[in-house]
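Have a go at each task before reading its solution.

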There are 2 protein chains.
Amino acid sequence: MIKKLNNRFEHLNIVNHLLRWTILTIPVSFIVGSLVALFLWLLEKATELRWQHSWLLYLLPVAGILIYAVYKYLGKNAEAGNNLIMEEIHEPGGGVPSRMTPLVLGTTIITHLFGGSAGREGTAVQMGGSMAALLGRWFKLNHPDTSILLMCGIAAGFGAVFGTPVTGALFALEVLTIGRLNYKALLPCFMASVLADFTCSAYGIHHTAYHITFKAVAASNISFLHFDYLLLAKVILAGVFFGLAGYCFSELSHTIKNYSNRFIKIKWLIPVIGGFIIIGLTFALGTRDYLGLGVTNPDPHGVSIVSAFTPGGAAYFSWFWKILFTAITLGMGFKGGEVTPLFFIGATLGNTIAVLMGAPVDLMAGLGFIAVFAGATNTPVACTIMGVELFGGDHILYYAIACFTAYYFSGHTGIYLSQRLGLSKT
Amino acid sequence: MIKKLNNRFEHLNIVNHLLRWTILTIPVSFIVGSLVALFLWLLEKATELRWQHSWLLYLLPVAGILIYAVYKYLGKNAEAGNNLIMEEIHEPGGGVPSRMTPLVLGTTIITHLFGGSAGREGTAVQMGGSMAALLGRWFKLNHPDTSILLMCGIAAGFGAVFGTPVTGALFALEVLTIGRLNYKALLPCFMASVLADFTCSAYGIHHTAYHITFKAVAASNISFLHFDYLLLAKVILAGVFFGLAGYCFSELSHTIKNYSNRFIKIKWLIPVIGGFIIIGLTFALGTRDYLGLGVTNPDPHGVSIVSAFTPGGAAYFSWFWKILFTAITLGMGFKGGEVTPLFFIGATLGNTIAVLMGAPVDLMAGLGFIAVFAGATNTPVACTIMGVELFGGDHILYYAIACFTAYYFSGHTGIYLSQRLGLSKT
């Protein structure tokens with residue numbers, strides 16, 4: 001009888017918990033979803049402006065000084081970005097400042113307007129985290145609850161910016177610690193991610209649609225094997241390369257950041273030099289394909305994430321150049337996320353691997369898209385789900401193989417230095 | 001330089017780890033996949049025999065005595081089944097005996113042949129775990145490695161028996177502890193699950209295909225809401241009921257087991273009485289729909305999992321009767337899994353909810369199928385993935401909503417008493 005009563009209270013507790021978090025997540029989701037919509041709209045305008053006025057690229061070094069100055073005089077601890085949010089979730093300290101939102105929004109748009117190679121998710125996640133922190137202070141939440149609300153902010157930002165609500169929630173749960181997925185904030189994060197995505201799309205924001213048209217057939221001529229084992233082997237091998245690409249990207253970003261901080265004593269010169277390197281590389285390569293977001297390309301023969309899904313849509317070393325451009329952009333003081341460049345790196349590397357190995361180009365591009373990201377952020381489950389949300393569920397087995405393999409081969413560092421190592425991979 | 005070398009060793013360690021586990025998982029997967037193929041074939045034959053010879057049901061009490069005697073005189077500690085395997089993974093003790101495989105295989109077939117209401121996954125998982133334990137002893141593995149190999153056995157059994165390799169791997173990682181998904185054995189489990197599924201299908205075993213033909217349209221007449229919010233609300237509410245159904249099933253099974261052990265002093269009488277109750281209920285209801293596996297039904301007007309995906313394919317209380325039949329069968333000494341009955345309970349409850357709420361029947365049946373299971377076993381992520389593997393990826397957002405909601409509403413107990421509580425749900 002007492003057990004029965006306890007059980008009844010258990011359900012009451014759960015209902016209470018859910019109602020409370022529903023009320024807490026609604027404002028976070030609405031604000032973050034709206035900000036992400038504004039951000040995506042501004043980003044589109046900035047990208048179009050850059051396409052129309054190619055001279056904007058020459059101002060990239062000046063833009064670098066501007067970003068440097070903004071963070072130096074207004075930034076407080078906001079420069080730490082994603083890492084600050086993750087540290088505050090692990091152990092609440094000084095809090096995430098609200099100014100992070102306008103700062104990261106403005107400087108990311110500047111980076112993109114003048115041709116820096118960067119992404120979106122860092123900005124969305126930082127806006128999500130800082131708005132969640134602000135609301136947490138208003139609601140006078142205690143430390144554990146603040147940490148859940150910060151996770152909701154990450155989930156809301158991620159879910160809205162890519163239009164992938166399930167992935168957004170799992171990403172927030174998975175990214176904090178390598179080797180573990182904790183359900184502490186499962187439903188709050190999920191609600192935040194879904195509501196933010198709804199809010200963002202209610203403003204009429206559309207996300208790019210990617211298509212994998214490849215249909216698996218049992219190509220094996222050994223009739224009792226109902227599966228294309230050769231393709232499976234290619235996917236495993238590709239997964240290894242995707243993981244190594246993610247590893248190279250993380251290492252190169254950290255190395256460039258460390259070296260430029262060590263050897264360039266006048267700090268505002270770092271983004272200036274970075275800007276000049278980007279300009280120089282653009283001229284040396286004779287292409288603007290690696291500037292900016294790279295999701296689409298105004299040049300029908302240019303390389304972009306979308307083009308990488310078609311045969312001939314990427315050069316053999318597109319992935320390498322994008323790694324370099326992005327590591328310089330983000331390692332030398334410009335702002336933005338890492339994930340869209342990781343999508344670019346993965347999709348173009350997948351394209352190249354498909355050509356070299358003789359595999360379906362769209363499938364391999366899609367696998368690279370999610371798997372390089374899985375490796376670099378150590379989030380294989382979220383990325384498998386992302387494959388389903390972006391490309392449909394037909395090839396989930398390949399998504400999982402590519403992401404899990406890449407996860408193993410990306411080493412124990414990732415792009416987020418504040419990620420904790422919960423469990424060694426070996 | 002030293003860091004560089006360390007990194008290189010890091011990758012060597014990972015390669016070494018993967019090669020080692022590839023070699024270890026291949027025999028486990030092959031043996032478990034083959035056993036599952038045999039099991040599924042025998043199960044089909046037993047079910048067909050039962051359909052042809054309806055008098056077999058009257059021997060159910062005798063079959064109960066047989067199962068009781070087999071476990072009493074030959075069983076050692078094998079009777080603990082899934083719970084024993086989970087305990088051995090958490091803390092290695094006396095080991096999982098190899099005799100578990102023939103015992104559970106034989107007694108499950110007997111249960112199904114004479115009309116007990118039971119499933120398949122318990123049997124597959126127990127065969128997987130006991131074969132993994134046997135190989136672990138042969139390979140002279142230490143405790144931590146044995147525990148990973150046992151998890152591989154679970155993954156292999158689960159992946160092969162339902163033809164869902166990604167789900168099998170995540171299920172093994174997720175089921176051990178409530179509220180946490182640990183990547184300790186991510187790749188070994190995944191390889192085991194995939195290889196066992198391949199092995200099983202190489203024998204020509206086919207899995208039932210379920211179809212959700214419903215296509216989401218923005219049915220809302222508020223044009224800026226690009227989503228059917230009414231359906232979303234219905235799915236959330238349905239998720240609550242799916243969770244409560246999972247909770248009822250777990251509680252009822254445990255209660256029936258406890259009470260029959262407490263009040264029926266002559267132990268062999270327990271399955272005899274259970275058998276008679278099943279026979280009595282069958283006559284009282286005038287239908288054999290709730291006997292056996294329930295995936296299909298020889299009677300075109302009968303209720304089965306497949307029929308529940310079509311309008312009129314389930315009665316209002318089909319889910320309740322299946323809970324009762326299964327809790328009696330498994331709580332009173334017969335053998336088999338819980339998962340296929342949970343699919344039945346979920347799909348028929350989903351059918352009923354769809355009719356009552358005015359929602360698409362196939363979608364709700366599919367959601368119930370995965371969500372009741374998610375609630376009763378506390379594995380929401382694996383079940384979301386299962387939705388994708390069984391029904392395709394279009395509705396992954398609904399899968400996640402239903403499974404996560406059901407997970408919250410199923411309370412802190414599940415069908416596996418050896419599952420640890422890693423984290424409270426509130």
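At 29% relative accessibility, Glu48(A) counts as partly exposed in this predicted model. Let's start from that residue.

**Exercise 1. Find the partner of Glu48(A) in a salt bridge, and say where the two residues sit.**

Step 1. Look for a side-chain nitrogen of Lys or Arg within 4 Å of a carboxyl oxygen. Lys45(A) meets this rule, with its closest N 3.9 Å from the O of Glu48(A).

Step 2. Check the exposure of the partner. Lys45(A) has a relative accessible area of 35%, so it is partly exposed, because that class runs between 20% and 50%.

**Exercise 2. Which residue does Arg420(A) meet in a salt bridge, and which parts of the chain does the pair tie together?**

Step 1. The partner is Glu91(A), at 3.1 Å from N to O.

Step 2. Arg420(A) lies in strand β3 (residues 420-421) of chain A, while Glu91(A) lies in the loop between α3 (81-90) and α4 (100-113), so the pair ties together parts that are 329 residues apart in sequence.

Step 3. Compare the classes of the two ends. Arg420(A) is partly exposed at 37% relative accessibility, whereas Glu91(A) is exposed at 54%.

**Exercise 3. Turn to chain B: where do Arg20(B) and Asp145(B) lie, and is each buried, partly exposed or exposed?**

Step 1. Confirm the pairing. The closest N and O atoms of Arg20(B) and Asp145(B) are 2.7 Å apart, and the two form a salt bridge.

Step 2. This pair links distant parts of the chain, with Arg20(B) in helix α1 (residues 2-52) and Asp145(B) in helix α6 (residues 143-162), 125 residues apart.

Step 3. Arg20(B) is partly exposed at 35%, but Asp145(B) counts as buried at 14%.

**Exercise 4. Work out what span helix α14 of chain A should have, and describe its surroundings.**

Step 1. The helix runs over residues 380-391, which is twelve residues. The expected span is 1.5 Å times one less than the number of residues, so α14(A) should span 16 Å.

Step 2. Compare with the model. The end C-alpha atoms of α14(A) are 16 Å apart, which agrees.

Step 3. Now count the covered residues: twelve of twelve are buried. Among them are Cys383(A), Met386(A), Glu389(A) and Phe391(A).

Step 4. Look just past the end of the helix, where Gly392(A) takes a positive phi of about 90 degrees.

**Exercise 5. What rotation relates chain A to chain B, and how do the two copies meet?**

Step 1. A rotation of 180 degrees, with 0.0 Å of shift along its axis, superposes chain A on chain B at an RMSD of 0.0 Å. That is the relation of a two-fold axis.

Step 2. Find the axis. Gly393(A) is the residue of chain A that comes closest to it, its C-alpha lying at 1.9 Å.

Step 3. Look at the surfaces. Of the interface residues of chain A, 100% are also interface residues in chain B, so the copies meet through the same surface. Each side is listed in turn: 57 residues from chain A and 57 residues from chain B.

Step 4. Consider the area. About 5,100 Å² is buried between the chains, and carbon and sulfur atoms give 75% of it. Tyr183(A), Phe198(A) and Tyr408(A) supply 15% of the area that chain A buries against chain B, more than any other three residues.

Step 5. Check the polar side. Between chain A and chain B there are zero salt bridges, while five residue pairs are in polar contact. Elements giving two or more residues to this side of chain A include α1, α8 (186-202), α14 and α15 (396-409).

**Exercise 6. Where does Lys140 lie in each chain, and is it buried or exposed?**

Step 1. Lys140(A) is in the loop between α5 (121-138) and α6 (143-162) of chain A, and Lys140(B) is in the loop between α5 and α6 of chain B.

Step 2. Lys140(A) is exposed at 72%, and Lys140(B) is exposed at 71%.

Step 3. Check the backbone. Phi is positive, about 50 degrees, in Lys140(A), although this is not a glycine; in Lys140(B) phi is near 55 degrees.

Methods. Residues are numbered from 1 along each chain as its sequence is written. Chains are lettered from A and ligands numbered from 1 in the order in which they are written. This is a predicted model: local features need pLDDT of at least 70, side-chain atom pairs count only at pLDDT 80 or more; totals for chains, interfaces and linings use all residues. Side-chain values use heavy atoms; hydrogens and water are left out. Buried means under 20% relative accessible area, exposed over 50%, partly exposed in between (1.4 Å probe, protein chains only). Helices (H or I, at least four residues) and strands (E, at least two) are DSSP runs, numbered from the N terminus. Copies are superposed by least squares on the C-alpha atoms of residues with pLDDT of at least 70 in both. Contact means heavy atoms within 4.5 Å. Buried area is the accessible area (1.4 Å probe) that two parts lose on being put together, summed over both. A polar contact is a pair of N or O atoms within 3.5 Å; within protein, one must be able to donate a hydrogen and the other to accept it, and residues adjacent in sequence count only if both atoms are side-chain atoms.
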